[in-house]
Amino acid sequence: MFCPKLWKIRGETLQGDKRLLDILKSIAPEADEVAGLILSYTRPVPKFAGVQLWGLQKAPQYNSLCGIVQDYNKETDRYTIELIKPHRKIRTRGENLLVFSKPADQKKLPPPVNCQVVVIGAGAAGLAAANKLIKKGIKSVIVLEGRDRIGGRIYTHSFYGLGSPPPSEPAKALTKSQKRREARKKKAKQKAQEATAEKDKKESKDHKLVRADLGANYMHKCWAGDDQAVFKLAQQLKIRVGLAAGGRFANTECAGWFDEKTGKPMEPLLIAKCHIRNTRHHARMSKTALQTTDFKTTIHKLLKEAESYVAKRMNHTLTEMEKKIHFKITSRQWGYVSLMEETGMALMRGEKNELAGYEDRDDYGGMEHTRMFAMRMLQHLKENDSPKIHTCTKEFGGGQDRLVVDGYHPFVIDHIMGESKIDIRLNKSVKCVHITDPKGGGLGLRDNEYWNAGPQNFKRSRSIVVSCRDGSRYNCQYVICTVPLGVLQSKSPFSSIEWIPKLSAMKRDCMRVMGMGTHNKVVMRFKAKDVFWPAKTPQLLCPDPRFHFLNLHAYGKTGMMLCHAWPPYADQWGKKSDTQVVNEALVVLRGMFRKVSTSKNHPKPVESVVTRWDSDPFSMGSYSYLGKGATWDHIQMLNLPHPEVGEPRVFFAGEASSAKGYQCVDGAYESGIRAALSACMQYGIVEDK
């Protein structure tokens, strides 16, 4: 039976265990009341075990279940509380707790929902999988998403600038006379706008809505042509794109280099010299990687050995400025989403060694060669100024990376949602996937028909129970799991998934050696007249290791500047506020263009956004990388279904499980389709040739 208990914080005597009441008071001191509902139990349990903690607040956006008391330790006098949805942090007896609130009307949990396939995650992989399943005739598909939005790590943000739209008001019924007055006002306003149109033409750009991607924003591996599914889709939908300067999204050769200390352009010969030396390091690293059998060797170790080897050959030691530039180049080339000390050498073993012998070519890096290299850099920089925005085609741009100008969400996510009617449940953080023997109410393991893949498998028992943290349950036949690697690694208590039975030791080993990296961004919008950096140059760099600037203004996004940030700096944002991060980026950017910034009185952005993908409980990082000891085979093993013995019941998808397109949207998209086809095969549905 249920035994409710209610504690009033104001005006009444508190009852029950004092320690728990202290916790309740600290959880919601401003609340009108705090209630605890003791769940039914049939055997003795610690006092207050199973209590659901709720808090009533005025703000309706915070209404949600806060947590459940799991256990009480008499020795430490502490309760173990499973937290559901955080509001704000507090401190109690040295322990970090979180604050929650309770819905005004407590409702009973709904009964389990039955379906054929549950897809966990509504990112590119999850939506692609659901779309494919529905197209193949499997209509009973439910997508569970922990966030309050779809898209996953595709997140296109709208910047409204000075023209931020006011809150919408409900329409009012007008009388005839009021309608006439409104019509006259509208006509007068239209005339006034026409009269000042030319005057406001310049400033109108500041009022225009501009979109920028806070997650994925480039199409990679376009050299694969139609074999790259997202690139092929972009051509079919005639998506607007702009070529990445130098062909690669974080290119350091085709970039404007400026000293943030002096505000002056850096000497092209110095930049060319560092790039030439980096090429020789690369050649040496590739050779050593192919000769090394210990996959625990890191990129950092290979680089240090290459630096020592080339320094002896050249009889030259790097200066302090050359070390800064060299670090910027190498970290963008190999360790952009991870520290080079944590990145495995398998990354280099997977590439073609086209630089064999360059480490020993002493003519490569001579004065004449350096001048030619510098001239070529300047020429490429000039050619890439003001990148042309064009409809995506294979012919224009070849294999270069392409920036998705209007955002990935309108391109991929909206396209998928427009193709099929997908049942998506938001705010559904999956807690457990429990697989049992399919029996009762359908075909079981002992039925011969069960093992004959075909339409009769639609009659199989829904023997997988997917439980969410809000108490909802979904009974299904198959699961497609598309959560990021950071979630699979159980890095957050708010998104970790318990697997019953456990994932295989081999799959857990893959999750351990592979890493989830951090790539955060600072996106700022300035007034058009306040742009103080070179308006036409796409890539802007400086020796400061923290930021890599992408000039979105050059791609037609007026006043927009995007700052890439990678480890170790991006990992330190948790200790800083958004304002602090934006100010640090501004200091560097203003320093690079000190003279112009000063002449414009150091303009501030109208809007700014700071991403924190590493602390987002439903991503726990930006994208995967091959960690120390990892190989390309680990990606393939991560891709294997669960369980690995007997009938597959759970299929995996996402960029981390795609050797063909890992770290990229195309990898997530293609892996989602592949997982859907694997599930279809269990029903005897085969992909058309």
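Predicted model: local features only at pLDDT ≥ 70, side-chain atom pairs only at ≥ 80, totals over all residues.
1. Buried here means under 20% relative accessible area. By that cut-off Ala245 counts as buried, because its relative accessibility is 1%.

2. Where does Ala245 sit? Ala245 is in the loop between strand 14 (240-243) and strand 15 (256-257). The C-alpha atom of Ala245 is 8.5 Å from that of His380. Along the chain, 135 residues separate Ala245 and His380.

3. Helix 5 covers residues 268-291. Of its 24 residues, 17 are buried, so helix 5 is largely enclosed by the rest of the structure. At 1.5 Å a residue, helix 5 should span 34 Å, and its end C-alpha atoms are 35 Å apart, which agrees.

4. The salt-bridge count comes to 19. One of them joins the side chains of Lys135 and Glu419, at 2.7 Å from N to O. Lys135 belongs to helix 2 (residues 124-135) and Glu419 to helix 10 (residues 408-419), so this pair ties together parts 284 residues apart in sequence. Lys135 counts as exposed, at 52% relative accessibility. Glu419 counts as partly exposed, at 39%.

5. A second salt bridge joins Arg153 and Glu655, at 3.1 Å from N to O. Arg153 lies in the loop between strand 10 (141-144) and strand 11 (156-159), and Glu655 in the loop between strand 31 (650-652) and helix 16 (665-682), so the pair ties together parts 502 residues apart in sequence. Is Glu655 buried or exposed? Glu655 is buried, with a relative accessible area of 4%.

6. Asp544 and Arg546 also form a salt bridge, with their closest N and O atoms 3.0 Å apart. Asp544 counts as buried, at 10% relative accessibility. Arg546 counts as partly exposed, at 25%. Both residues belong to a network of salt bridges that also links Lys576 and Glu584.

7. Which residues gather in a patch of positive charge on the surface? They are Arg180, Arg181, Arg184 and Lys185. Arg184 lies in helix 3 (residues 176-195). Its relative accessibility is 54%, so Arg184 counts as exposed.

8. Lys604 is in the loop between helix 14 (594-599) and strand 29 (607-610). At 66% relative accessibility, Lys604 counts as exposed. Lys604 and Phe526 are 78 residues apart in sequence, yet their C-alpha atoms are 6.8 Å apart in space.

Technical notes:
Residues numbered from 1 in each chain as written. Heavy atoms only, no water. Helix = DSSP H or I, 4+ residues; strand = E, 2+ residues; numbered from the N terminus. Expected span 1.5 Å × (residues − 1). Buried < 20%, exposed > 50% of the residue type's maximum accessible area, 1.4 Å probe, protein only. Patch = residues over 30% accessible without salt bridge, like charges linked within 9 Å, V, L, I, M, F, W, Y side chains within 5 Å. Areas by Shrake-Rupley, 256 points an atom, 1.4 Å probe, with all protein chains shown as cover. Salt bridge = Lys/Arg side-chain N within 4 Å of Asp/Glu carboxyl O. Lys, Arg positive; Asp, Glu negative; His and termini not counted. Charge placed at Lys NZ, Arg CZ, Asp CG, Glu CD.
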